[in-house]
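Biologist: Please show the model, and let us discuss how some of its parts are arranged.

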2 protein chains.
Amino acid sequence: MKRNRMSLQDIATLAGLTKMTVSRYMRDPSKVSERSRGAIDEVMRQHNYIPNRLPEILSGAGSRTLGVIIPSFRNQIFSDVLEGIQQVAEKHGYQTIIASDNYDPQVGQEKIITLLSYHIDGLLLTGTQHTQTARDYLKTSGIPVAELMEITAEPLDIQVGFDNRQAAFDMTTEFIRRGKQQMVFIGAMDDPRDASRYQGMTQALQRSGLSGQHYLPGAISSMALGRRLFQQIITQHPQTDAIFCTNDDLAMGVLLECQARQIRVPEDIAIAGFHGLDIGSANQQKLASVITPRLEMGQVATGLLIAQLEERRKAGTETVDLGYRLFNGDTL
Amino acid sequence: MKRNRMSLQDIATLAGLTKMTVSRYMRDPSKVSERSRGAIDEVMRQHNYIPNRLPEILSGAGSRTLGVIIPSFRNQIFSDVLEGIQQVAEKHGYQTIIASDNYDPQVGQEKIITLLSYHIDGLLLTGTQHTQTARDYLKTSGIPVAELMEITAEPLDIQVGFDNRQAAFDMTTEFIRRGKQQMVFIGAMDDPRDASRYQGMTQALQRSGLSGQHYLPGAISSMALGRRLFQQIITQHPQTDAIFCTNDDLAMGVLLECQARQIRVPEDIAIAGFHGLDIGSANQQKLASVITPRLEMGQVATGLLIAQLEERRKAGTETVDLGYRLFNGDTL
DNA sequence: TTGAAAGCGCTAACAG
DNA sequence: CTGTTAGCGCTTTCAA
């Protein structure tokens, strides 16, 4: 019932050896004599020794720990990415320390510094929007960084994502091809991904001499939010014939509200979402969406990050575009 | 571009002081002279000093870090709990290290030991099913542990949850009150919560001289899974008139499949889910469900855990039952 | 107000 | 095969 945990020294004393022998045993039992092994085995079994990773990390060995910062836990998108990260990290024996920044680069900066103070070996970030201070710290730290979900011209190190702008451009083009003319974009937290998607839509519209509206609630997406926003939209812009949402839950909310109002989808109003979530594809009337590789982004980014760490090469920058797929469903 | 990060010593040398003075400055700038303060300020600004938390933690101060183990990131239930944990941890200046055990107590045991080796101050676990070895390590470590999502007779320290069995009992009673006789329970990963819920249903049925079926796919719940299982159920037990699911996504899958098959809900088949997710309550036909306090469980458990840590009292065990609410919706 | 010494628990390097 | 020494970078304590 002691306040202090058992140390290697304690084990060694109990086994009549020095901590060095016990240390060797821990890393590779075959490196100590049969005799010692038995003695240590016995003591260990009785005392639930908890290894202490800190001294080793403190003396400059790696920590086999990756930092992860996501905007929010309450968004399935990032849960999927996290799952991918965990899978690969676990496979390679890496721990993860996860923090969330609530979509705020300033908070993100603090989290980055905190994670660095724990001696993480590498860092996975969402998006490419970081404060200058954060960039400075990251450069000083010298650890490899992976940015997920977006592709930009200037990766810090590793970048794994897809082209949000192009995806929205393509989906919008599909709306137009089907004769829709009065499009509205519904965003959520107004993060850079939302912005790129809106930009893509605008560009596609412009190419056809059209223009569109947009709603940026600055809130986390949900079905309830989608319903609420659609009520607003249909009042303010009754001529709307197409709605493109930055997330499938928003789009499902819109779809349900259309059903409630006897608005025909897609004849009166066409709807598309983003990400290709279960919620949309399992629906009776399948939701059109841009299917994104969320799990894969986590997996690939973590794999590349660990590869850099293991090979101890600080390779040049590396960008992987995992692409996306348009799913037309029944709402387009 | 050095491989080694800057230490307090380095800063001190550059500022013409000793590391002790810089250390004091870091904790409280008013504890050093105006002169020193200026010198340190200046050096700091130029070098992005990253504090090193390890030495302090190593020498026995707390780490202000909590460990968290959840079954999976791909289940909104735990994302909500996580969010609650993060909110409170952040407010009190605590970091979290999060791991997932894929619903496997054996994996959970490993994760517990790993987290302990990082000197966490406290630990939040999902559920109350732990290996004996895990229990031994936890006791030896002496840190306070919070168990979430369930209420049992023997908490380790803190337990924050609700009565899964009673909740299912109550919901089943409601089914029966409405004349349903042929109930089927759909579980997911067959974790102890699933088991308690199934038990609650069985008890309520027995009280009325009824019995029920159950399906335990051993997979993570999803709408698609719900649809698939319902197809099986309706084939194998065509007389089924009520379906109770351990999660709302499963229930929504069932509901959609009913719609596809022109089965009237709730007249032909009544449906209820569990947790009260957006997906069910935002639906046109509102899904009956047991509404659970997921965010609150995370918040309350973390608050209690931190309170114990700050007061340095290893209080006796503490159990908080946050309850649940039945929502009858339109499917009952 | 500042400095010097000791120590947290481990492992790398070197000896025996 | 096993032991000894030194050191990672802080903070605590004691001293000046």
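The questions and answers below concern a helix contact and cysteines.

Modeller: This is a predicted model, in which local features need pLDDT of at least 70, side-chain atom pairs count only at pLDDT 80 or more, and totals for chains, interfaces and linings use all residues. Residues are numbered from 1 along each chain as its sequence is written, chains are lettered from A and ligands numbered from 1 in the order in which they are written, and side-chain values use heavy atoms, with hydrogens and water left out.

Biologist: How is helix 1 of chain A oriented to helix 3 of chain A?

Modeller: The axes, which are lines fitted to C-alpha atoms over the stretch in contact, with angles from 0 to 180 degrees between N-to-C directions, come within 9 Å for helix 1 (residues 8-15) and helix 3 (residues 34-47) of chain A and cross at roughly 125°. Angles under 35 degrees count as roughly parallel, over 145 as roughly antiparallel, 65 to 115 as roughly perpendicular and the rest as oblique. Helix 1 of chain A is therefore, relative to helix 3 of chain A, oblique.

Biologist: How many disulfides does the structure hold over all chains?

Modeller: A disulfide requires a pair of cysteine sulfur atoms within 2.5 Å. The sulfur of B:Cys258 lies 9.7 Å from the closest cysteine sulfur, in B:Cys245, and so is too far for a bond. Over all chains, the number of disulfides is zero.

Biologist: Is A:Cys245 buried or exposed?

Modeller: Buried means under 20% relative accessible area and exposed over 50%, with partly exposed in between (1.4 Å probe, protein chains only). Because its relative accessibility is 0%, A:Cys245 counts as buried.

Definitions and conventions: Helices (H or I, at least four residues) and strands (E, at least two) are DSSP runs, numbered from the N terminus.
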